[in-house]
Amino acid sequence: MFLEFIILGLSVANAVIAPLTYWKIYNWWDFYIPIVIFVTTYIIALLLVILFLQIMGMVLRYLLKKMPNNKILTHRARFFLKSGLTLINFHSNVKVKTKGLAKLPKNERFLLVCNHRSNYDPMISIEQLNRFEVDFITKESNMKIPVASNYLKALNFLPVDRNDPIQSLKMMNKAIQLIQEDICSIGVYPEGTRGHTEKMLPFHEGVFNIAIKAQCPIVIVTVKNTDCIKKNAPFKRTKVFHDIVTVIPYEEIEGKTAKAVSDLVRDIMENNLRRYQQHE
């Protein structure tokens, strides 16, 4: 909420100061003046913040290209990326309830897997898990999103072309390397694309080879209600449930096939999502 406080602070300050100085109120029917000033200032401040994020993203992307994985620069990139996503979620009127943060590994990298219902899914996970340094395998088109693309490229987000098996394999190997070298944790959506019903789509079992080969734990996350954000925003609030369900240590998947691990993870996800359906 750092950037949002700045925008709101500037808007309120100008709405108070302006009627006392350069746009004075002389009659009772001029009550609209502070409202107009607040809205105008808010829009201008928001545009300036977006421009600032764009410039910082370009600078950080350039510097991290020269000094890959520099911890100070990476921390700054994550901070500004989170701030931008918080701004989006705020204006989308999203209230996120995250459960189970204490379950996350604190001194080792992991593979995060989550069900997929909306474009908001990664935005919410990145914002909520910012301090755990989770970068996602994502579709190539996401690497072209204005403003955000600079941060995705500055960090270790991995674009994948689902129609190119060789390129997909390279990205999988890169993900394994990032985990093994303690650079970042990796997030994936085993369904591969967004589902449009409560029932999850079939899993792409191959993504679980990342955890098997990197010999790292698997963090299982479920999201609920993100598919409602688009139709509710911005006037109706959407309450999103973002659960860290459990962590499967590497010892429990050691020697298992990717399919066996996939089936195990899917069962855990479905059981957790079913719990919400029973209370609806």
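Reply: Let's settle the naming before we start: helices (H or I, at least four residues) and strands (E, at least two) are DSSP runs, numbered from the N terminus. This is a predicted model, in which local features need pLDDT of at least 70 and side-chain atom pairs count only at pLDDT 80 or more, while totals for chains, interfaces and linings use all residues. Residues are numbered from 1 along each chain as its sequence is written, and side-chain values use heavy atoms, with hydrogens and water left out.

A few terms will come back throughout. Axes are lines fitted to C-alpha atoms, for helices over the stretch in contact, and angles run from 0 to 180 degrees between N-to-C directions. Angles under 35 degrees count as roughly parallel, over 145 as roughly antiparallel, 65 to 115 as roughly perpendicular and the rest as oblique. Contact means heavy atoms within 4.5 Å. For residue classes, Ala, Val, Leu, Ile, Met, Phe, Trp, Tyr, Cys and Pro are nonpolar, Asp, Glu, Lys and Arg are charged, and the others, Gly among them, are polar.

Helix 2 brings Tyr 42, Leu 46, Val 49, Phe 52, Leu 53, Met 56, Leu 60, Leu 63 and Leu 64 to meet Leu 73, Thr 74, Arg 76, Ala 77, Phe 80, Gly 84, Leu 87, Phe 90 and His 91 of helix 3. By class, that contact divides into 14 nonpolar, three polar and one charged residues.

Now turn to helix 1 (residues 2-17), whose axis comes within 7 Å of that of helix 3 and crosses at roughly 60°. Helix 1 is therefore oblique to helix 3. Here Phe 2, Leu 3, Glu 4 and Ile 7 meet Phe 79, Ser 83, Gly 84, Leu 87, Phe 90 and His 91.

Leu 81, Lys 82, Leu 85, Thr 86, Ile 88 and Asn 89 of helix 3 touch Tyr 120, Met 123, Ile 124, Ile 126 and Glu 127 of helix 4. Seven nonpolar, two polar and two charged residues make up this contact.

The structure holds seven of them. In one, Arg 109 and Glu 133 meet with N to O at 2.7 Å. Arg 109 sits in the loop between strand 1 and strand 2 and Glu 133 in the loop between helix 4 and strand 3, so this pair ties together parts 24 residues apart in sequence.

Finally, two backbone spots deserve a look. Most residues other than glycine have a negative phi, and most peptide bonds are trans. Gln 215 has a positive phi of about 55°, and lies in the loop between helix 7 (209-214) and strand 6 (218-224). Ala 233 and Pro 234 are joined by a cis peptide bond, with omega about 0°; Pro 234 is in the loop between helix 8 (229-232) and strand 7 (238-248).

Technical notes:
Salt bridge = Lys/Arg side-chain N within 4 Å of Asp/Glu carboxyl O.
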